[in-house]
Amino acid sequence: MKSSKIALLILIFVLVTGCGGGGGGGGPAVTLVSIAVTPANPSIPAGSTRQFSASGTFSDATSHDIATQVTWNSSNTSVATVNSSGLATAIATGSATITATSGSISGNTTLTVTVVTTGDNVLSITVNGSLCSSNSYLNKPCVSVTVCSPDTTTCQTINDILLDTGSYGLRIFKQLLTNVPLTQVTSGSGSLAECVQFADGSADWGPVQTADVILGNEPAVSVPIHVIDSSFFGTFGSSTCGVLDTSPSAAGFNGILGVGLFAQDCGSACVNSASNGRYYTCSGTSCTGTAVALANQVQNPVALLPLDNNGVIVLLPSISLSGSPSVDGSLVLGIGTQSNNVPSGVTAYSANQVGRFTTTFNGTSYRSSFIDSGSNGLFFPSTSLVPNCPTFSDWFCPPAPPVSLSATNTGASGSPSGQVSFQIGDFESLINSINNVFPDIGGNFPGEFDWGLPFFFGRNVHVGLEGTVSILGTGPYWAY
């Protein structure tokens with residue numbers, strides 16, 4: 001044992017100092033020849049860790065573990081970091097080269113970070129993929145939701161539900177709810193209905209009804225949902241609410257799952273005022289504005305889960321600027337509530353009472369900035385660098401190659417601040433390809449900055465619900 005210990009000390013001395021060893025025989029110095037990093041080319045899900053080893057081969061044909069004597073490095077710290085002992089932490093989907101170096105000798109391997117795909121709290125996302133009934137537009141993230149008649153096992157699983165971090169609550173077209181009778185929410189002596197208007201000029205109208213909703217393999221939660229029905233109470237919706245989505249084919253989706261920053265879709269503003277422009281009580285032949293208690297408002301079903309109720313994580317892989325036909329990812333429920341949703345390597349940016357923070361771009365600060373998977377592009381005020389398209393004037397068409405831009409996001413509280421780099425390509429050229437999913441499409445949005453779906457590619461975007469706590473802080477916040 002004593003002689004083994006001395007040999008080990010001599011080996012370390014040779015490695016660190018580069019001096020000759022080998023006892024007192026005066027032989028040639030033992031030097032490091034190569035380093036092998038293992039495991040070779042592993043794949044791990046985002047949020048997990050992997051321990052790497054470094055084996056050094058020396059000029060005397062011996063090999064030894066030298067993991068604690070080398071310098072470790074990751075080529076892409078936004079994908080994975082690695083500490084001084086070779087423990088890598090997966091941050092976001094993509095790949096990174098993990099390198100071990102000693103002097104002029106190095107070895108490496110490629111770590112691939114994948115999306116989280118297993119767990120009761122995980123829902124699959126397909127962007128223009130198998131969960132989408134149609135590719136009616138670009139950058140369409142679809143999930144599947146199960147809706148049941150209250151307190152029964154009469155359920156229906158509905159695909160083509162748009163995943164939207166910019167809204168709150170579940171909305172489904174009446175045409176899809178063929179086998180699941182729901183319970184109407186009342187308001188006084190009438191039926192509660194809702195009008196929701198979106199930034200693209202469209203609107204959804206219909207009754208608020210109670211359903212049992214299942215996300216992934218989580219327990220069912222009883223929640224008021226918005227049943228989209230343009231004909232509810234005759235022509236009231238079309239005359240009052242706006243340009244209505246009349247059918248799934250007209251809207252381009254079967255419904256919307258709003259998993260944004262808030263538990264209800266209106267909150268105290270609709271509790272305290274009947275003139276909120278959103279909720280109505282309908283009876284006889286007319287509908288009138290009404291105040292609504294929080295419990296009866298359309299609610300984010302994530303907020304009602306027994307465990308994973310403090311937010312969600314959206315995981316989508318990086319894709320090339322030329323795009324992809326479809327992309328698969330995951331929606332993970334909860335933040336730091338289970339082993340598969342522990343946040344790592346992300347920074348939290350607080351949001352204000354209406355879910356906004358500040359983006360500074362091209363010398364102007366936009367205090368109404370938000371992160372929205374339901375928007376299919378990056379939308380911000382146009383500049384000379386990103387002119388509008390000649391044909392599709394709402395979109396940007398800078399001359400090739402794609403324009404590299406950057407902006408700075410700042411939490412609503414005034415800190416932290418962090419730079420975001422992004423690119424904008426020629427929309428009209430991109431859409432002439434066979435692809436449906438692009439990380440570099442954008443359009444003009446005066447006065448605001450909307451970090452739409454392209455922002456999510458290659459990032460783990462955390463959505464912290466208002467009033468809830470995780471290791472990232474107290475919601476509402478965005479973290480990435």
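Student: Leaving aside its neighbours within four places in sequence, which residues is Leu453 in contact with?
Tutor: Welcome! This is a predicted model, in which local features need pLDDT of at least 70 and side-chain atom pairs count only at pLDDT 80 or more, while totals for chains, interfaces and linings use all residues. Residues are numbered from 1 along each chain as its sequence is written, and side-chain values use heavy atoms, with hydrogens and water left out. Taking contact to mean heavy atoms within 4.5 Å, and setting aside neighbours within four places in sequence, the partners of Leu453 are Val127, Asn139, Pro141, Leu316, Asp372, Ser373, Ser375 and Gly377.

Student: Is Leu453 buried or exposed?
Tutor: Leu453 sits in the loop between β33 (449–451) and β34. The scale calls a residue buried under 20% relative accessible area, exposed over 50% and partly exposed in between, using a 1.4 Å probe and protein chains only. Leu453 has a relative accessible area of 1%, so it is buried.

Student: What distance separates the C-alpha atoms of Leu453 and Asp372?
Tutor: Asp372 is among the contact partners of Leu453. Along the chain these two residues are 81 residues apart, yet the distance between their C-alpha atoms is 6.6 Å.

Student: How many helices and strands are there in the protein?
Tutor: Both are DSSP runs numbered from the N terminus: helices are H or I with at least four residues, and strands are E with at least two. By that count, the protein has five helices and 37 strands.

Student: What share of the residues of the protein count as buried?
Tutor: The C-alpha atoms fill a box of roughly 105 × 55 × 40 Å along the principal axes. The protein has 480 residues, and the share that counts as buried is 52%.

Student: Among contacts in the protein between residues at least 6 apart in sequence, what share join residues at least 24 apart?
Tutor: The pair Leu453 and Asp372 is one such example, being 81 residues apart along the chain and in contact. Taking the contacts between residues at least 6 apart in sequence, the share that joins residues at least 24 apart is 63%.

Student: Which residues lie closest to the centre of the largest pocket?
Tutor: A pocket is an open set of points on a 1 Å grid over the protein atoms alone, with protein on both sides within 12 Å along at least five of seven lines; a cavity is a set where a 1.4 Å probe fits but cannot get out, and lining residues have an atom within 4 Å of a point. Grid points are joined across faces, edges and corners, and a volume is the space filled by probe spheres set on the points. The largest pocket has a volume of about 1,600 Å³. It is lined by 48 residues, and those closest to its centre are Phe198, Ala199, Asp200, Asp372 and Ser375.

Student: Which elements give two or more residues to the lining of the largest cavity?
Tutor: The structure holds one cavity of 30 Å³ or more, and the largest cavity has about 100 Å³ of space. Its lining has 16 residues, with Gly47, Ile313, Val342, Asn460 and His462 nearest the centre. The elements with two or more residues in that lining are β24 (311–315) and β34 (460–464).

Student: Is Asn460 buried or exposed?
Tutor: Asn460 is found in strand β34. Beyond its neighbours within four places in sequence, the contacts of Asn460 include Ala46, Ile313 and Tyr480. With a relative accessible area of 6%, Asn460 is buried.

Student: Is Ala61 buried or exposed?
Tutor: Ala61 lies in the loop between β4 and β5. Although not a glycine, Ala61 has a positive phi of about 75 degrees. Its relative accessibility is 69%, so Ala61 counts as exposed.

Student: What is the omega of the peptide bond from Ala400 to Pro401?
Tutor: Pro401 is placed in the loop between β29 (378–380) and β30 (403–410). The bond from Ala400 to Pro401 is cis, with omega near -5 degrees.
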